[in-house]
Amino acid sequence: MNIRTQSLGFVVGTLNRRIVWRLAQLTGPHGVMPGQFPVLRCLRDVKVSTQMELARMVGVEQPSMAATLTRMEKNGLIQRVSDEQDARRRLVSLTDRGKDMLALMTDSAMEVYKDACNGLTPDEVAEFLRIGAKMIENLEEEK
């Protein structure tokens, strides 16, 4: 058995690392990294959120989200302000730079997606995504 092509964990892990690396090459010079993409997308959709809500939506632990938001704030991608109803809470939203970097990330992700799918038919891509989603579902189910 060739581990590079026959091991699910190896194939999926390698694919993930290659996608993230390629995306980082395209966006890193602009001060935004792949790990920030889900936060930018969530904030685009919800407009304003708390750190705890973002951590839940993105699916990361609170300390990881805190570190990510600190880097994003330093890079001018987000702003945090105190909640007028509860001063203990900080509300997070995108800055104009954050919106611009979200557009860059989206365009870059589409470029990486196109490269990754080169030589595959739309049906093959759809089947890959369907199978991957089913596997994720299988592993998310509580046993």
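**Figure 1. Strands E2 and E3 pair side by side.** Strand E2 (residues 78-82) is joined to E3 by 5 bridges, and the pairing is antiparallel. The model shown here and in the other views is predicted. Within this pair, Gln-79 has Ser-93 of E3 as its bridge partner.

**Figure 2. Strands E1 and E3 pair side by side.** Strand E1 (residues 48-50) runs antiparallel to E3, and 3 bridges join the two. One of the residues involved is Val-48, whose bridge partner in E3 is Ser-93.

**Figure 3. The three strands form an open sheet.** The order of the strands is E1-E3-E2, with antiparallel pairing. E1 and E2 are the edge strands: each has a single partner strand, so one side of each has no neighbour in the sheet. From one strand to the next, the twist averages 35 degrees.

Figure 4. Helix H4 (residues 51-58) touches E1, E2 and E3. The direction of H4 makes about 95 degrees with that of E1. Helix H5 (residues 62-74) also packs on the sheet, where it touches E2 and E3. Between the direction of H5 and that of E2 the angle is about 110 degrees.

**Figure 5. Strand E3 is largely enclosed.** E3 covers residues 90-94. Of its 5 residues, 4 are buried, so the strand is largely enclosed by the rest of the structure. Buried here means under 20% relative accessible area.

**Figure 6. Helices H3 and H6 cross each other.** A pair of packed helices is described by the angle between their axes and the distance between those axes. For helix H3 (residues 37-46) and helix H6 (residues 96-116), the angle is about 120 degrees and the axes are 10 Å apart. H3 and H6 are therefore oblique to each other. Their crossing is left-handed.

**Figure 7. Residues at the contact of H3 with H6.** From H3, the residues in contact are Phe-37, Leu-40, Arg-41 and Arg-44. On the side of H6 they meet Gly-98, Met-101, Leu-102, Met-105, Thr-106 and Ala-109. Sorted by type, the residues of this contact are 6 nonpolar, 2 polar and 2 charged.

Terms used
Residues numbered from 1 in each chain as written. Predicted model: local features only at pLDDT ≥ 70, side-chain atom pairs only at ≥ 80, totals over all residues. Heavy atoms only, no water. Buried < 20%, exposed > 50% of the residue type's maximum accessible area, 1.4 Å probe, protein only. Pairing = 2+ DSSP bridges. Axes fitted to C-alpha atoms, helices over the stretch in contact; angles between N-to-C directions. Parallel < 35°, antiparallel > 145°, perpendicular 65-115°, else oblique. Left-handed = near helix turned anticlockwise from the far one by under 90°. Contact = heavy atoms within 4.5 Å. Nonpolar A, V, L, I, M, F, W, Y, C, P; charged D, E, K, R; others polar.
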